[in-house]
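Hi everyone, thanks for coming.

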Amino acid sequence: MMDDAKSKDQRDSDFDRPALEAGLASIWKTPAGLWGALATVDHKIIGQRYIVTAFAFLALGGVLAVLIRIQLAQPEARLLGPDRYNQIFTMHGTNMMFLFAVPVMEAMAVYLIPLMVGTRNIAFPRLNAFSYWMFLAGGALLWIAFALDMGPDVGWFAYVPLSGPQYAAGKRADMWAQMITFTEVSALAVSVEIVVTIFKQRAPGMSLDRIPLFVWSMLVTSFVVILAMPAIMIASTSLILDRLIGTHFFNPAEGGDVLLWQHLFWFFGHPEVYIIFLPAVGMVSTLVATFARRPVFGYLALVMALIATAVLAFGLWVHHMFVTGLPRLGESFFTASSMAIAIPAGVQIFCWLATLWDGKPVFKTPLLFVIGFMFTFVIGGLSGVMVASVPFDTQVHDTYFVVAHFHYVLIGGAVFPLLGAVYYWFPKITGRMMSERLGRWSFWLIFVGFNLTFFPMHILGLQGMPRRIYTYQPDMPWHGLNLFVSGCALILTAGFLVFFVDAIRSARRGEPAGDNPWDAPTLEWATSSPPPSYNFPFIPVVEGSNPLWEQRETLAVGGGMRVDRRELIITTVGAAEAEAREASPRNSIWPFWTAIATSVMLIWSIFSPWAVVWGSIPVAIALIGWFWPEGTPEDDS
Amino acid sequence: MRERVVADFSGLPPHGMHTASPTWWGTLAFMLIEGTGFALAIAVYLYLMSLATTWPINSPRPNLLPGTLVTLVLVGSVVPNYLISRWAEQQDLPKVQFGMIVMSLLGIVPLIIRFFEFPALNVNWDSNAYGSIVWTLLGLHTTHIITDLVDTLVLAVLMFTRHGDNPRRFGDVQDNAMYWNFVVLAWLPIYGCVYWIPQL
Amino acid sequence: MTIPVASAVTVSVIIIGAFTLASFNTTRALNVGGSDDFIIKIRGLQWWWDVEYPGSSPEQRFQTANEIHIPVGRNVRFQLEGIDVIHSFWVPSLAGKQDLIPGRPNELSVRAERPGVYRGQCAEFCGMQHAHMAFFVIADEPSVFEQWLRAQRALAAPSSDAEVLAGQQVFLSKSCAACHMIRGTSATGTTGPDLTHVGGRQYIAAGLLETTRGSLAAWIADPQTLKPGNNMPMVPLSSEELRSVSAYLASLK
């Protein structure tokens, strides 16, 4: 059977280079026009969409933050009434956590992982397309609800009973809960794709001890997503059930428990911040290596630190509940685990510092953001160790001290590396460099603006200012610092504006980048900028951890693959030995239809439980359309 | 960058089976996600039970008959499930076609019994938190059976079309059988929780 | 670089370990409380604090709102009960916070070493007016405290002032009594704060306004403008009625 097949199909060895590239392009390309845009399964196109959409949500969330700061600049200010303010701070947190921070990390992975591991597309490409539409739909649901004055107003954490049927009137809390379903489905789908891509589609020779640290971080993160997100699915579904059909999960009068919500939410909620942080850690490792001009120090320690962080992340959640009256002995266990998680973070910082110390650092914009990350994240980590202590936390819990802490670790720990990563990988994605000059401006404005805005919040918290208040009274000593903070927030805003302007301008008019402008070691830099639709004309074969530094003149590759169908190589999990030439699905409109059907079902179910029954029929039809074989060469075996 | 060819992939099979198949891994990943969800739902059950003064809350214990019947049917179905997996491994099309019809029926029967299982719980979902969690546990698993049944039916139809005689389809049948094992396995702790814990 | 990195990690482990132990020890040391505690029951509602002094017998029991007096130098145990949504009882200068969670009674022990006025504020987002849910804990010397207890236990003192009496009439004939209690009158509502001695409290509306006749009138005239979304409706009163009822409430010391 093998010989028959070989005589019928076309292999890459049959073609000369230009014909090969044309042949691969015709098989892998996404056609122009609306159908192409809706039906594409190219991880690079979907990844770019994801990244741009997530940054759009960042900008929207930033506008909300500016509104908050203007309102809080003066005591008893009248810019925003309590109802509008409560919607705005809920939207700010919900948007940043669910529509920006997690999706943007997933998005970077969707774009980069297949290139970094040397394959042609992400695993389950149609699922990837579906997950983007679900993400977009969830974000649209939330923001349209907000625009219609139906935005959630119960905080991003939606504690019951405030968010329950008795105290949260209307459909606001349901909008929040169902948006969660959209974004969780999307994130779970992407995580499955990433795990399978990393386990099974690595370039031959890229054994587990040779995969780039960003790939490790996304592998670990994806497992955290898979194990943590079911908790919030259960929580948000239970909340919808309580509100829609009268269940009593959270009703103490009928055997339910108010704290059950907090346990379920935070069992997800704490790993969630590591879902955001671990990819950033991977980005930092990448940037440090490239800009220190040497492989990162302590590869094994860094991998162990990633895994230790992920495991510990599941054992911290009660530190969000220190003042709920749980037994002090139990709470103290969570103090110990919350303090312990600082150790792997410390290991990582020390390894990166050692790399820079022993290397020949090139202080371009990405490295500036890395250094800014180290400074800022460490401060956030210090305040984290402080709030890990129960007695200390009983004072600062729910004050601006905590607001300062988590912005330090989230912006310092995730956004700074992300911005550096954007400067770094922008040339690969667009083929053009961003501006080094504007990069420095945006870095310094953001770094200075961030610290001036958020550091004083530690003090405000220690001065007794609680969180989530739409105003404060003039006789409180909080006016001066609040006014200062609000002013400095404008510096931070300016920094982000410079970043956005740079990105938008450079996409069209930036300096052409070439394949490897940073002289970086990993596989994505072996192909053109931007990469062709098929990523690599030949699948690379890897002989070390830093392929492009080990093989400077030529790239080792494998041949013998078909050009008349979409093909990539499946390898073993451990040693990455080639096992099969697997087909990769073509463009398909079914993921889009499935997303539409699922969105209709989910939005309808905010209003009626029968939506789950009737709405599932179009979903089933779309899924059958999706999986029904089409008799294309990809179906050959 | 210039390339040098160091490997020849042309001899590799055009489709991998078992651990060389991405869909096998994808099926495993979804089992992990859903398994975590079930584990959490059971944890919610145990948590609410630990807070209650009496359990079940204000209701009689569930009627054991329908649930036990479902359990027997599901556990019994593991045998034909194992057989169809073996036949798919051997790529024996007629036997697989027969087996898919059998598995489709074995997916429908528990659903019929399940229809009687809900009222046999002797409590409503909106009576109290105990009612809420047992209905939810049963509801989650029912959704599980329904989605796998639809999957089985579609695959059964496919096996009778021109696409049927293809190693990919046999791989799909094996993945589907693996998933059915999970549906049965996930039921056992739920059965234990809902029906036997109140007996203690 | 192995040695510097390994040393840095080791030092971090030691420091983190030390912090953890210090935290445990502090938790233990802060464990104040015993059998001689003075008990006060606190209920958190949107957006005010119901304060009950059970005393050692039913005749000693009384309720007040938003202002809590405690004796200096004695352990005071607050029994915290959530009624509607989660609130958090936090008076920073006296103790860490503790939540009031419906279905889960909690306790917080404090001990004031010095007399003074200690401000507190709700520290768990509880809806529309979470920002305006303050309270005051006033620590008195024991003799002053006993005096205060006796005064609070007393029923509302009858007055001979014409305007005050007119105001009492307004209070009892309008819808005020449906929600508010003034012991010694026919007003026995329990939905809103107990007003028996409201005139003697430093603030009204949970720390929103200093208690004066004028602020009482302003509050009653339009509670929704001052604290939008709170549960007190606007009760239409003529200016005459408003003047007299505010005089009445201000007189309830």
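What you see is a predicted model, where local features need pLDDT of at least 70, side-chain atom pairs count only at pLDDT 80 or more, and totals for chains, interfaces and linings use all residues. Residues are numbered from 1 along each chain as its sequence is written, chains are lettered from A and ligands numbered from 1 in the order in which they are written, and side-chain values use heavy atoms, with hydrogens and water left out.

Let's begin with chain A. Chain A has 21 helices and four strands; helices (H or I, at least four residues) and strands (E, at least two) are DSSP runs, numbered from the N terminus. The radius of gyration of chain A is 25 Å, close to the 26 Å that the globule rule gives for 637 residues, so chain A is as compact as a globular protein of that length. That radius is taken over C-alpha atoms, and the globule rule is 2.2 Å times the number of residues to the power 0.38. Along the principal axes, the C-alpha atoms of chain A fill a box of roughly 85 × 60 × 50 Å.

How much of chain A is buried? Buried residues are 68% of its 637 residues, where buried means under 20% relative accessible area, exposed over 50%, and partly exposed in between (1.4 Å probe, protein chains only). Of the contacts in chain A with a separation of 6 or more, 80% are between residues 24 or more positions apart; a contact means heavy atoms within 4.5 Å.

Now chain B. Chain B has five helices and one strand, and from the N terminus on its elements run β-α-α-α-α-α. For a compact globule of 200 residues the radius of gyration would be near 16 Å, but chain B has 21 Å. Its C-alpha atoms fill a box of roughly 70 × 45 × 25 Å along the principal axes. Buried residues make up 55% of the 200 residues in chain B.

Back to chain A for one helix, α17. Helix α17 of chain A covers residues 479–509, and at 1.5 Å a residue its 31 residues should span 45 Å, which agrees with the 45 Å between its end C-alpha atoms. The expected span is 1.5 Å times one less than the number of residues. Which residues of α17(A) are buried? Among them are A:Val485, A:Leu492, A:Phe496, A:Phe499 and A:Asp502. What covers the buried residues of α17(A) includes α4 (43–72), α15 (400–430) and α16 (436–462) of chain A.

Next, salt bridges. A search of the whole structure finds 39 of them over all chains; each is a side-chain nitrogen of Lys or Arg within 4 Å of a carboxyl oxygen of Asp or Glu.

One of them pairs A:Arg468 with C:Glu124, at 4.0 Å from N to O. This pair crosses between chains, from the loop between α16 and α17 of chain A to the loop between β9 (116–121) and β10 (134–140) of chain C. A:Arg468 counts as buried at 11% relative accessibility, and C:Glu124 counts as buried at 2%.

Another salt bridge is formed by A:Glu543 and B:Arg4, whose closest N and O atoms are 3.8 Å apart. A:Glu543 lies in the loop between β1 (539–540) and α18 (547–550) of chain A and B:Arg4 in strand β1 (residues 2–8) of chain B, so the pair joins two chains. Here A:Glu543 is partly exposed at 43%, and B:Arg4 is partly exposed at 33%.

Within chain A, A:Glu634 and A:Arg586 form a salt bridge with closest N and O atoms 2.8 Å apart. A:Glu634 lies in the segment after α21 and A:Arg586 in the loop between β4 (578–583) and α19, so the pair ties together parts that are 48 residues apart in sequence. A:Glu634 is buried at 7%, while A:Arg586 is partly exposed at 32%.

There is also a network of salt bridges linking A:Asp83, A:Arg84, A:Asp149, A:Asp153 and A:Arg172.

Last stop, the surface. A nonpolar patch of about 940 Å² is made by residues including A:Trp593, A:Trp604, A:Trp614 and A:Ile617. Elements giving two or more residues to the patch are α19 (590–604), α20 (611–614) and α21 (616–627) of chain A, and the largest share, four residues, comes from α19(A). Patches are made of residues with over 30% relative accessible area and no salt bridge, where like charges are joined within 9 Å and nonpolar side chains (Val, Leu, Ile, Met, Phe, Trp, Tyr) within 5 Å. Areas come from the Shrake-Rupley method with a 1.4 Å probe, and for residues only the protein chains shown count as cover. A:Ile617 lies in helix α21 of chain A and is partly exposed, with a relative accessible area of 43%.
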